[in-house]
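Here is a short briefing on one protein model. Look at the structure first, then read the points below.

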Amino acid sequence: MKSITFDCPQCKRLQVLSLNDEHKELEFPCASCNHPIHLKNLDQTTIDVCPACNCNKLHQHKDFNKKIGIGLFIVGAIFAPWTYYGSLIAALAIDAALYPFFPWMNACYQCESEMRGWPKNPSLDRFNHEIAAHYEYRKN
């Protein structure tokens, strides 16, 4: 199932939208402020352009809950002195074993929307701090 998570351009409230494959474009009012939201390019086989803001600067990464990864590391670190740091190696092994099972997620540098459910796009790179800083600087 494809989904898009983004902020309303007017009130900045989080919008979560599940999609089916029949939409090419979608227009609806924001649930909070009734500002019209227009999503385009929903029929892409792989994401090249952000449906929320029409930007072509996207990145991709695994859709892994960071809290789980940090929690796994903390548990490994707590038991490290009693396990001669073997618990950290075990936490790393568990993390590495789980990695292939999580799907890819695409995200936009400009509006920070997240697109799930599309296949991995080989032409997109991973997160780049320099590009993200450029877009963050433009917002201020």
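Predicted model: local features only at pLDDT ≥ 70, side-chain atom pairs only at ≥ 80, totals over all residues.

The largest nonpolar core holds 22 residues, and Ile4 and Leu39 touch the most other members.

- In soluble globular proteins, nonpolar side chains tend to be buried together.
- Which residues does isoleucine 4 contact, leaving aside its neighbours within four places in sequence?
- Among them are Gln15, Val16, Leu17 and Leu19.
- Isoleucine 4 also contacts Leu39, Leu42 and Pro51.
- Further along the sequence, its contacts include Glu114, Met115 and Trp118.

**Fold and overall form**
- The protein has three helices and seven strands.
- Along the sequence, their order is β-β-β-β-β-α-α-β-β-α.
- The radius of gyration is 18 Å, well over the 14 Å that the globule rule gives for 140 residues, so the protein is more spread out than a compact globule.
- The C-alpha trace spans about 60 × 35 × 30 Å along its principal axes.

**Burial and contacts**
- Of the 140 residues, 30% are buried.
- Take the contacts with a separation of 6 or more: 49% of them join residues 24 or more positions apart.

**Surface and charge**
- The accessible surface is about 9,400 Å².
- Carbon and sulfur atoms account for 58% of that surface.
- There are 14 positive and 14 negative side chains.
- The centres of these two sets lie 3 Å apart.

Technical notes:
Residues numbered from 1 in each chain as written. Heavy atoms only, no water. Helix = DSSP H or I, 4+ residues; strand = E, 2+ residues; numbered from the N terminus. Rg over C-alpha atoms; globule rule 2.2 N^0.38 Å. Buried < 20%, exposed > 50% of the residue type's maximum accessible area, 1.4 Å probe, protein only. Contact = heavy atoms within 4.5 Å. Areas by Shrake-Rupley, 256 points an atom, 1.4 Å probe, with all protein chains shown as cover. Lys, Arg positive; Asp, Glu negative; His and termini not counted. Charge placed at Lys NZ, Arg CZ, Asp CG, Glu CD. Core = buried A, V, L, I, M, F, W, Y, C linked by side-chain atoms within 4.5 Å.
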